[in-house]
Amino acid sequence: MNEPHIDNLFPTPVYNVIRNSELNLEEFEEIKSIIEAGMRKNAGNKHSTNSYIFETKLKKIKEFCEQQIKKYVEIIISPSQELEFYITESWINVTKPGEFHHCHYHPNSIISGVFYVNTVPEDHINLTDPNYKVKAIFNLGDQKEYNPWNSTQWWLPVEDNQLILFPSWLEHEVKHVKGDKERISISFNTFVRGNLGDNQLNKLVLK
């Protein structure tokens, strides 16, 4: 009898890449200046009052993120027409020991990203299956072993200088930070310019 084959259909893409060069002194100083300019309380942690940090600071990190967004679009979205994806908002998150980052998604954005400046031991981001409510209709009990098909949440390990990109509708969170280090990351959203649709009464031109 032939062995069964499982097709992994309609997966949720989470793009993962490490920046080759570590943050330099100038970048650390710019991050410090953004934090010192003001932080706003969030549900569980804080984020910078400046929500457009890439417009004036961290030029090299922004360029790296833009390069990876282009690759994400080419590989995952693979549009037949020319579309320009660009960064809209960008901000810094600071999560102190004992704090957390609440479960959320990013409205008014297509691709969202997180670049990790300072991670903590055993650091990770917790991602939630968008179909978890459908799967929860039948509770079949605990799993012997978790896998991408039977899990409603997945912990993705992260480290310094790592960038992850994902669809903005994907819910994510960070559990309570352990240890004595601050967790610092840069988040951003994107949107698109170009001709959307296929001329079948759904064409949309965004400039």
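Analyst: A nonpolar core is a set of buried Ala, Val, Leu, Ile, Met, Phe, Trp, Tyr and Cys residues joined through side-chain atoms within 4.5 Å, where buried means under 20% relative accessible area, exposed over 50% and partly exposed in between, with a 1.4 Å probe and protein chains only. In the largest such core, which has 27 residues, Phe54 and Ile186 touch the most other members. The largest share of this core, six residues, comes from α2. This is a predicted model, in which local features need pLDDT of at least 70 and side-chain atom pairs count only at pLDDT 80 or more, while totals for chains, interfaces and linings use all residues. Residues are numbered from 1 along each chain as its sequence is written, and side-chain values use heavy atoms, with hydrogens and water left out.

User: Which residues does Ile186 touch, not counting residues up to four places away in sequence?

Analyst: With contact taken as heavy atoms within 4.5 Å, the residues that Ile186 touches beyond that sequence limit include Phe54, Leu58, Ile61, Trp91 and Phe115.

User: What makes the buried residues of α1 lie on the same side?

Analyst: The buried residues in α1 are Glu27, Glu30, Ile31 and Ile34. They cover an arc of only 100° around the axis, and therefore sit on the same side of α1; the arc is that of the directions from the helix axis to the C-beta atoms. The face turned away from this buried side carries the exposed residues Leu25 and Glu36.

User: Why is Ser151 called buried?

Analyst: Ser151 has 6% relative accessibility, and therefore counts as buried. Its place is in the loop between α3 (132–135) and β8 (153–157).

User: What makes a polar contact with the side chain of Ser151?

Analyst: A polar contact is a pair of N or O atoms within 3.5 Å; within protein, one must be able to donate a hydrogen and the other to accept it, and residues adjacent in sequence count only if both atoms are side-chain atoms. The side chain of Asn150 makes such a contact with the side chain of Ser151 at 3.3 Å, and the Ser151 side chain also reaches the backbone oxygen of Asn147 at 2.8 Å.

Technical notes
Helices (H or I, at least four residues) and strands (E, at least two) are DSSP runs, numbered from the N terminus.
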